[in-house]
Amino acid sequence: TFKLFMGLGMDLELKNSRSHMAIDLTTNKEIQELIKKTLNVKKCQICNKIFDFFNKRYICSIHEDIICKDCAVIDYYYVSEEAKEKEMRDCRCVKCQSEITKAENELKNAIESNELNVLNKQIEESFKYKICLHLKREAKVNQNRMKREKEINELLDSLKVVADYKTIKKSIDTLEKMVQSA
């Protein structure tokens with residue numbers, strides 16, 4: 001939760017009415033370390049703008065770089081593959097967002113290629129990135145479809161020459177089951 005607030009540009013140097021800063025008000029060691037790390041960063045880790053009263057610190061949720069608003073991409077994302085609406089707000093640096101966008105485009109291209117090997121490779125590669133969960137689901141559905149199509153095509157190829165009626169009948173039953181399963 002604290003990282004989400006930091007992704008909105010919290011000023012960690014502000015004091016409350018009793019002169020306490022955020023670091024004075026937490027007992028959580030992880031948050032204390034994050035605040036110390038953040039306060040030690042005096043310039044944006046991407047564009048080198050100095051942090052001051054007007055230029056707040058943001059944190060990239062991917063690599064935890066401390067960045068300025070100009071280098072932050074704040075948007076809403078899906079919480080799960082089944083989610084109907086984007087409801088999770090997240091802050092990412094422009095570098096991470098660029099890498100994610102590139103990975104998403106490569107995954108879309110792999111889906112459109114309709115080649116199982118290409119899609120398998122790209123799905124494996126996409127695990128390195130925090131890509132759109134709906135796109136990830138679409139890739140899995142297409143991967144499953146392509147696997148089943150491959151199995152059916154392999155069976156059809158094996159039936160180019162069939163010796164007897166019994167084998168033909170059994171193959172038809174097998175194909176019908178495979179199509180229903182797909």
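**Cavities, pockets and helix packing**

Tutor: The second largest cavity has a lining of five nonpolar, one polar and one charged residues (Ala, Val, Leu, Ile, Met, Phe, Trp, Tyr, Cys and Pro are nonpolar, Asp, Glu, Lys and Arg charged, the others, Gly among them, polar). The model is predicted, with local features needing pLDDT of at least 70 and side-chain atom pairs pLDDT 80 or more, whereas totals for chains, interfaces and linings use all residues. Residues are numbered from 1 along each chain as its sequence is written, and side-chain values use heavy atoms, leaving out hydrogens and water.

The residues around the second largest cavity are Met6, Met10, Leu12, Thr38, Arg57, Tyr58 and Ile59. The space in this cavity is about 30 Å³ (a cavity is a set of points on a 1 Å grid over the protein atoms alone where a 1.4 Å probe fits but cannot get out, and lining residues have an atom within 4 Å of a point; points join across faces, edges and corners, and volume is the space filled by probe spheres set on them). Over the whole structure, two cavities of 30 Å³ or more are found.

The largest cavity holds about 40 Å³. Met10, Asp11, Glu13, Phe51, Asp52, Asn55, Lys56 and Arg57 form the lining of the largest cavity. Here charged residues number five, beside two nonpolar and one polar. Met10 and Arg57 line the largest cavity and also the second largest cavity.

Next come the pockets (open sets with protein on both sides within 12 Å along at least five of seven lines). The largest pocket has a volume of about 250 Å³. Its lining counts 17 residues, and those closest to the centre are Tyr77, Arg92, Ile131, Cys132 and Leu133. Strand S3 (72–77), strand S4 (88–93), helix H3 and helix H5 (133–158) each give at least two residues to that lining (DSSP runs numbered from the N terminus: helices H or I, at least four residues; strands E, at least two). The lining of the largest pocket has ten nonpolar, six charged and one polar residues.

The second largest pocket has a volume of about 200 Å³. Among its 14 lining residues, Lys3, Leu4, Gly7, Ser61 and Asp90 are closest to the centre. Helix H1 (2–6) and S4 each provide at least two residues of this lining. By class, the second largest pocket has seven nonpolar, three polar and four charged residues in its lining.

H3 also packs on other helices. The axes of H3 and H5 come within 10 Å and cross at roughly 25° (lines fitted to C-alpha atoms over the stretch in contact, with angles from 0 to 180 degrees between N-to-C directions). H3 and H5 are therefore roughly parallel (under 35 degrees; over 145 is roughly antiparallel). In this contact (heavy atoms within 4.5 Å), Glu104, Leu107, Lys108 and Ile111 of H3 meet Leu135, Glu138, Ala139, Asn142 and Met146 of H5. Five nonpolar, one polar and three charged residues make up the contact of H3 with H5.

Helix H3 (94–113) packs with helix H4 (116–126) at about 160°, their axes 8 Å apart. H3 and H4 are therefore roughly antiparallel. H3 contributes Ala103, Glu106, Leu107, Ala110, Ile111 and Ser113, and H4 contributes Val118, Leu119, Gln122, Ile123 and Ser126. The contact of H3 with H4 has seven nonpolar, three polar and one charged residues.

Terms used: Parallel < 35°, antiparallel > 145°, perpendicular 65-115°, else oblique.
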